[in-house]
Amino acid sequence: MAELRALVAEELAAPVDPRVSALANAIAAKHGDASRAVLFYGSCLREKRLDGLMLDFYLIVSDYRSAYSKRWLAAANRLVPPNVFHFEHGGLRAKYAVLSEADFHRLNGPETRSVSVWARFAQPARLVWAARQDARDRAIEAVARAAPTLLGAAACSNRFNDPLDLWRRAFALTYSAELRAERKARSASVVDLDRDRYRRFTTPALAAVEKRRQPSWRRRRIEGKTLSVIRLAKATATFSGGADYIAWKINRHAGTDIRLKPWQRRWPLLAAITLLPRLLKSGAVR
């Protein structure tokens with residue numbers, strides 16, 4: 001685990017565009033003393049593009065009650081983590097998800113069936129803000145759990161001669177366990193954008209896999225897609241412009257041309273409910 005932790009620490013410490021750091025500082029400041037760490041991840045990091053896109057962050061907090069002035073937000077975050085918010089700063093747009101340190105550690109590990117967090121942090125990320133060194137250390141420890149969890153859940157380490165095929169298969173499985181707007185080839189492209197990185201991570205990540213009985217991927221898919229719908233419904237209460245963002249993301253990744261009507265912008269939850277059957281039927285969302 002020490003070798004894997006060193007790789008993760010090095011990767012998380014890699015420099016980012018100063019505008020990303022400024023945005024992360026602003027997100028942390030919004031939640032005051034509860035803020036512990038901010039991580040940058042996702043397609044904007046992989047593709048090194050910022051302008052005109054939606055940047056992805058996770059804000060890690062000490063606890064939910066301290067992070068919010070409204071009790072219902074703390075309760076929603078605790079019951080169905082994470083809460084997701086829209087944020088703009090310095091000419092950039094972002095969304096950030098909020099997790100407590102305890103939930104971030106748990107959701108990166110094999111004790112949870114949900115793929116949402118560990119599938120993302122098995123990919124490259126940057127730790128762009130931390131309150132103190134102990135917060136930085138805890139974030140590193142949590143992220144270091146993600147890659148072993150991914151490969152352990154895939155349970156396919158003996159099927160491939162090329163380690164990159166192992167990662168491609170693992171990400172394909174996690175993509176199938178959420179409602180995703182990306183095309184089927186997306187899971188492979190995540191690996192192909194940084195092949196050397198995944199080769200470096202393979203041996204130490206496999207060595208750190210915890211041996212435990214894994215739930216079936218059929219069960220993960222049913223639970224994961226259900227949870228995706230619940231999170232989508234919850235996001236309509238926290239994410240300004242949520243319907244427009246959903247339409248933009250689907251159009252960008254699935255090559256569709258969804259145009260929202262005025263009533264769909266006013267009632268984003270109803271918009272999501274009415275759009276979902278058509279998107280599933282067309283294959284734009286899987």
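F171 and Y198 are both buried, a term that stands for under 20% relative accessible area, with exposed meaning over 50% and partly exposed what lies in between (1.4 Å probe, protein chains only). The model is predicted, and local features need pLDDT of at least 70, side-chain atom pairs count only at pLDDT 80 or more, while totals for chains, interfaces and linings use all residues. Residues are numbered from 1 along each chain as its sequence is written, and side-chain values use heavy atoms, with hydrogens and water left out.

**Nonpolar core**

- The largest nonpolar core has 78 residues, and those with the most contacts inside it are F40, L55, F57, F104, F121 and W167; such a core is a set of buried Ala, Val, Leu, Ile, Met, Phe, Trp, Tyr and Cys residues joined through side-chain atoms within 4.5 Å.
- Helix α10, which spans residues 163–176, gives the most to this core, with seven residues; helices (H or I, at least four residues) and strands (E, at least two) are DSSP runs, numbered from the N terminus.
- Leaving aside residues up to four places away in sequence, W167 touches A122, A147, L150, L151, V191, Y198, F201 and T202, where contact means heavy atoms within 4.5 Å.

**Aromatic pairs and charges over rings**

- A search of the whole structure finds 12 aromatic pairs, in which rings of Phe, Tyr and Trp (its six-membered ring) have centres within 6.5 Å, with planes under 30 degrees apart counted as stacked, over 60 as edge-to-face and the rest as tilted.
- Y41 and F121 form a tilted pair, 5.6 Å centre to centre with 40 degrees between the planes; because Y41 lies in strand β1 (residues 35–41) and F121 in helix α7 (residues 116–121), the pair ties together parts that are 80 residues apart in sequence.
- Y41 is buried at a relative accessible area of 9%, and F121 counts as buried at 2% relative accessibility.
- The ring centres of F171 and Y198 are 5.9 Å apart and their planes stand at 85 degrees, so this pair is edge-to-face; with F171 in helix α10 and Y198 in helix α12 (residues 195–207), the pair ties together parts 27 residues apart in sequence.
- One aromatic cluster is formed by Y41, Y58, F104 and F121.
- The charged end of R197 sits over the ring of Y198, 4.7 Å from its centre, and R220 lies over the face of W217, at 4.9 Å from the ring centre; the criterion is NZ of Lys or CZ of Arg within 6 Å of the ring centre and within 35 degrees of the ring normal.

**Largest pocket and K48**

- The largest pocket is lined by 22 residues, of which P15, L45, R46, K48 and R126 lie nearest its centre; on a 1 Å grid over the protein atoms alone, a pocket is an open set of points where a 1.4 Å probe fits, with protein on both sides within 12 Å along at least five of seven lines, and lining residues have an atom within 4 Å of a point.
- The elements that give two or more residues to this lining are α1 (2–12), α3 (43–47) and α12.
- K48 lies in the loop between α3 and β2 (54–61), is exposed with a relative accessible area of 74%, and has a positive phi of about 55 degrees although it is not a glycine.

**Other local features**

- A cis peptide bond, with omega about 0 degrees, joins P81 and P82, and P82 is placed in the loop between α5 (71–79) and β3 (83–89).
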